Amino acid sequence: METVTSEVPVMAILGDDNNQEFTLTTVSDYNLEYSGYLDYDEESSGMCRRSEVRQFAQYFIPPFYIIVFLSGFAGNILVVVLYAFYKRMRTMTDVYLLNLAIADLLFLSTLPFWALDAKLGWIFGTFLCKMVRGLYKINFFSCMLLLTCISIDRYIVIVKAIKARASKNKILLHSKLISLIVWVIAIVLSLPEFCYSVKDEAPKSCLPVYPGKILKAAGFAVQVTVGFFLPLAVMIFCYSMIIWKLLQAKNFQKHRAIKVIGTVVSVFVLSQLPYNSIMIVKAMDAVNITITDCKTLKNVDIATQITESIAFLHSCLNPFLYAFLGVKFRQDLLKIMKDVGCFSQQPFRRVIRPQQSSWKHSSVYSETETTGTLSL
């Protein structure tokens with residue numbers, strides 16, 4: 001959506017369909033903003049009144065975000081509890097998984113604000129507007145960069161067959177340093193959200209108002225590059241090399257490990273590709289104003305809401321894709337369940353023994369146990 005800089009008196013139909021006259025100074029479209037549904041329609045030389053987009057958001061966004069929040073919070077908090085209190089971190093991937101769960105939790109914590117924003121408009125003030133949008137972007141970038149680090153770590157461990165020759169302390173130091181660098185990069189990339197996010201009173205919304213088209217388009221470009229193309233390219237390269245290595249191994253479990261890899265990559269592509277495709281369209285529109293038809297603008301807004309919600313599901317699935325599939329992680333989880341009395345000692349042994357037997361017959365496991373997820 002193009003930013004309107006001149007003052008234009010308009011009659012706007014907002015979420016409650018009540019006519020309200022006000023002076024429009026800036027209208028901006030972006031991810032997660034569902035309040036500014038008023039735009040200039042060049043074909044009709046008037047205003048594009050998109051109250052139905054707001055109504056769709058009011059019914060669709062709140063329940064969907066709450067479901068994502070609750071399910072994602074439960075899975076990620078379990079990962080944090082296991083790593084922080086029960087499981088000693090022995091590998092780089094252990095550190096990455098812990099940081100990924102923390103990033104997902106912080107990211108999910110912003111969803112209730114956006115759910116209320118879709119229903120009531122932004123009612124929390126300018127400070128919380130900057131903080132919520134900034135935290136959202138920090139944890140979005142950190143999640144994607146950590147997924148990239150996990151892929152690289154798996155590639156090094158399996159394809160390069162590097163055993164943990166260095167001391168455990170050195171391994172943990174390297175992984176913590178890389179994680180710190182990831183968080184610093186994510187914060188730097190998110191600075192525009194802190195600087196340019198403002199609360200708009202008419203209508204009530206929390207949105208970034210960029211000083212020019214180029215900066216706005218650059219924001220979309222950075223989000224798509226760092227949040228999709230970079231991790232996807234690394235995943236394709238690293239997991240392709242891992243699959244080639246596994247196919248050369250004489251092991252009956254290699255096909256199950258390949259299925260895990262296929263699931264990880266497929267879920268990432270299916271959840272992120274639709275939304276990032278919309279972001280590319282918006283980046284082009286920010287520079288060239290390619291979307292001028294009112295109906296098309298409405299369709300793009302609704303498509304953004306749907307595809308972005310699908311993209312958020314990745315925060316719910318990360319614990320299952322990167323932690324719960326790991327045999328060592330499942331073993332620790334079962335031990336905790338036994339300790340808290342979820343089942344007795346005898347059923348616990350029946351569950352653990354088949355896993356231990358499969359590990360002994362698996363040459364792949366010797367290479368993948370440090371990655372925590374490629375064996376089932």
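Which residue forms a salt bridge with Arg133, and how far apart are the closest N and O atoms?

1. In this predicted model, the partner of Arg133 is Glu193, and the closest N and O atoms of this salt bridge are 2.8 Å apart. Arg133 belongs to helix H4 (residues 125-158) whereas Glu193 belongs to helix H5 (residues 168-196), so the pair ties together parts that are 60 residues apart in sequence.

2. Glu193 also meets the side chain of Lys137 in a salt bridge, with an N to O distance of 3.1 Å. Here again the contact runs between helices, Glu193 lying in H5 and Lys137 in H4, so that parts 56 residues apart in sequence are tied together. The structure holds two salt bridges, and Arg133, Lys137 and Glu193 are linked by them in a network.

3. A separate point concerns helix H3 (residues 111-120), in which Leu111, Trp114, Ala115, Asp117 and Ala118 are buried. These residues cover an arc of only 160° around the axis, which means that they sit on the same side of H3.

4. Just after H3 comes Gly121, for which the model gives a positive phi of about 85°.

Technical notes. Residues numbered from 1 in each chain as written. Predicted model: local features only at pLDDT ≥ 70, side-chain atom pairs only at ≥ 80, totals over all residues. Heavy atoms only, no water. Buried < 20%, exposed > 50% of the residue type's maximum accessible area, 1.4 Å probe, protein only. Helix = DSSP H or I, 4+ residues; strand = E, 2+ residues; numbered from the N terminus. Arc of directions from axis to C-beta. Salt bridge = Lys/Arg side-chain N within 4 Å of Asp/Glu carboxyl O.
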